[in-house]
Amino acid sequence: MAETTRWHVPAVDVYESDHAWRVVADLPQVDRESLDITVHEGVLKLEAHTGSDGYRRSFRLPRGVRGDGVQASLANGVLTLELTKPEEARPQRIAIA
Amino acid sequence: MFVDWFDGGRGATRVPAVWHEMNALLEALERPAHVQPPRLEFATTEEALTLRLVAPGVSASDIDVSVTGRRLEVSVTRQAEVPEGWRAVRQERRQWRVQRTLELPFDVHADQAEARLDRGVFTLTLPRVAAAEPVRIPVTELAALTTEQHEEADHG
């Protein structure tokens, strides 16, 4: 690629429930095809291109989170990822004897 | 580099590292530049005026556009609410509102305006009313008109 990419760090929200995390990233003009989401060695990496602009962001994941538990959707220029929490990160109900 | 566990709001309470891992917030490895509301961009051509706004997360119902004569009013609002059933851990995506009223540099066909929202980018195209050109008015002779009317009457 001869063209130089201007990289941007997209704004991201992170939400949490008892069972999952939700990562919401602003990726205007990004197509599904030019979006790359990877989980490798405990790091979640987002990379996207739109012409000469690119978006890059990465997050270190809590121990035990695996890539196969990630669901992704792209709408209105916003990427939403949902990562299932591993068992050890979920709240445990303590029974009272 | 590996900072930024808690991004404010929770105070400076020290928590054991293990607890961090258990509680498992996602650690950001980069931070975005200060997020500003987007800017309205305008462009004019021979044919039209175009307005563009980068507005990720905005839906059609968040946009209001009206044209009155040469006055254009635009209002775009982006909501930033915590989705129901979730707790916010990090919120960089800001809520904003872009509101502008401006005088158009030429007359436009407001009824032919095209407003679209595509992958988080809003564009509005207002076709320009062509500059007035002289219109030739054909002159009909009264005699000819009378003859035609006679013919029509004959056929009828």
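Two strands are taken to pair if DSSP finds at least two bridges between them, and the strands themselves are DSSP runs (E, at least two residues, with helices being H or I runs of at least four), numbered from the N terminus. The model is a predicted one, in which local features need pLDDT of at least 70 and side-chain atom pairs count only at pLDDT 80 or more, while totals for chains, interfaces and linings use all residues. Residues are numbered from 1 along each chain as its sequence is written, chains are lettered from A and ligands numbered from 1 in the order in which they are written, and side-chain values use heavy atoms, with hydrogens and water left out.

## A sheet in chain B

In β7(B), Gln99(B) is the bridge partner of Ser75(B). The two strands β5 (residues 71-78) of chain B and β7(B) run antiparallel and are joined by eight bridges. They belong to an open sheet of three strands, ordered β4-β5-β7 (chain B), with antiparallel pairing. Because β4 (63-68) and β7 (96-103) of chain B each have a single partner strand, they stand at the edges, and one side of each is left without a neighbour in the sheet. From one strand to the next the twist averages 5°, where axes are lines fitted to C-alpha atoms (for helices over the stretch in contact) and angles run from 0 to 180 degrees between N-to-C directions.

## Positive phi in two loops of chain A

Most residues other than glycine have a negative phi. Gln29(A), which is not a glycine, has a positive phi near 70°, and its place is the loop between β3 (20-26) and β4 (35-40) of chain A. With a relative accessibility of 31%, Gln29(A) counts as partly exposed, given that buried means under 20% relative accessible area, exposed over 50% and partly exposed in between (1.4 Å probe, protein chains only). Asn76(A) likewise has a positive phi, of about 55°, without being a glycine. Asn76(A) lies in the loop between β7 (70-75) and β8 (78-84) of chain A, and its relative accessible area of 35% makes it partly exposed.

## The interface of chain A and chain B

Contact, defined as heavy atoms within 4.5 Å, involves 37 residues of chain A and 36 residues of chain B. The area buried between the two chains is about 3200 Å², 53% of which comes from carbon and sulfur atoms; buried area here is the accessible area (1.4 Å probe) that two parts lose on being put together, summed over both. In chain A, the residues that lose the most area to chain B are Tyr15(A), Glu16(A) and Arg60(A), which together account for 22% of what that side buries.

Between chain A and chain B there are 16 residue pairs in polar contact, both residues being at pLDDT 80 or more. A polar contact is a pair of N or O atoms within 3.5 Å; within protein, one must be able to donate a hydrogen and the other to accept it, and residues adjacent in sequence count only if both atoms are side-chain atoms. On the side of chain A that touches chain B, the elements giving two or more residues are β2 (12-16), β3, β6 (53-60) and β8 of chain A, and β3(A) gives the most, with seven residues.

## Salt bridges

A salt bridge is a side-chain nitrogen of Lys or Arg within 4 Å of a carboxyl oxygen of Asp or Glu. The structure holds 16 of them over all chains, and six are found across the interface of chain A and chain B. A network of salt bridges links Asp13(A), Asp26(A), Arg78(B) and Arg93(B). Some individual pairs are listed below.

| Salt bridge | N to O distance |
|---|---|
| Arg93(B) and Asp26(A) | 2.7 Å |
| Arg22(A) and Glu82(A) | 3.0 Å |
| Asp53(A) and Arg6(A) | 3.3 Å |
| Glu114(B) and Arg116(B) | 3.4 Å |

Two of these pairs link distant parts of chain A. Asp53(A) in strand β6 and Arg6(A) in strand β1 (residues 6-8) are 47 residues apart; Asp53(A) is buried at 18% relative accessible area, whereas Arg6(A) is exposed at 52%. Arg22(A) in strand β3 and Glu82(A) in strand β8 are 60 residues apart; Arg22(A) is buried, with a relative accessible area of 19%, and Glu82(A) is partly exposed, with 26%.
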